[in-house]
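Hi,

Here is the structure I promised to pass on.

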Amino acid sequence: MAAYSRVGLPAEVAPILRYVLGLQSSDAPLYPFSGVERRAALTRALDAVIEALAAAGPLVLVWEDCQWLDPVSAEYLALISQRLTPRPILFILTYRPDDRSRTTARPGGEHILLRPFTASEARTLVIQLAGDQLVPELVTLAVDRGGGNPLFLEEVTRTLLESGS
């Protein structure tokens with residue numbers, strides 16, 4: 001409990017965080033609550049952690065693959081900026097651009113659409129990753145298979161390198 005107070009977290013948050021983080025096998029701290037109360041307790045606990053971290057200085061929070069968010073998590077993210085004390089916090093949420101169903105998961109702010117790499121950019125990335133270990137035909141194969149997606153380009157290149165091609 002002392003560790004929680006050192007970082008500015010209320011003591012009642014500790015058992016909830018232990019449960020959320022999987023450090024406690026049962027949901028006993030949340031058991032007496034109704035579904036609505038349980039959700040509110042989890043929201044308060046998460047908000048308390050973010051507030052404590054932000055109180056120590058500027059904070060960057062990254063949520064990746066938000067296209068997989070459940071509706072409750074999407075609602076949490078959509079409303080988080082309205083609940084927190086104004087602090088220097090940067091929220092970065094990544095999701096697939098073609099996923100229109102998750103627009104509610106965006107807190108207020110700027111929406112930046114990252115375009116796929118051009119063939120030239122993709123080729124540059126593959127060559128930087130592979131060095132001179134891939135023949136030009138395999139570099140072209142990696143670029144074609146990667147479809148301009150940097151993660152896919154990296155994975156295809158890694159697979160080609162590991163296969164000894």
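The side chains of Arg-87 and Glu-51 form a salt bridge, with N and O 3.6 Å apart (the term means a side-chain nitrogen of Lys or Arg within 4 Å of a carboxyl oxygen of Asp or Glu). Arg-87 sits in the loop between α4 and β2 (89-93) and Glu-51 in helix α3 (residues 35-55), so this pair ties together parts that are 36 residues apart in sequence. (Helices are DSSP runs of H or I with at least four residues, strands are E runs with at least two, and both are numbered from the N terminus.) Glu-51 is buried at 18% relative accessibility, while Arg-87 is partly exposed at 37%; buried means under 20% relative accessible area, exposed over 50%, and partly exposed in between, using a 1.4 Å probe and protein chains only.

Before you go on: this is a predicted model, where local features need pLDDT of at least 70, side-chain atom pairs count only at pLDDT 80 or more, and totals for chains, interfaces and linings use all residues. Residues are numbered from 1 along each chain as its sequence is written, and side-chain values use heavy atoms, leaving out hydrogens and water.

The structure has 6 salt bridges. Now find Arg-158, which pairs with Glu-155 at 2.4 Å, N to O, and with Glu-162 at 3.1 Å. Together, Glu-155, Arg-158 and Glu-162 make a network of salt bridges. Arg-158 and Glu-155 are 3 residues apart in helix α7, which means about one helical turn. Glu-162 is exposed at 59%, whereas Glu-155 is partly exposed at 32%.

Cheers
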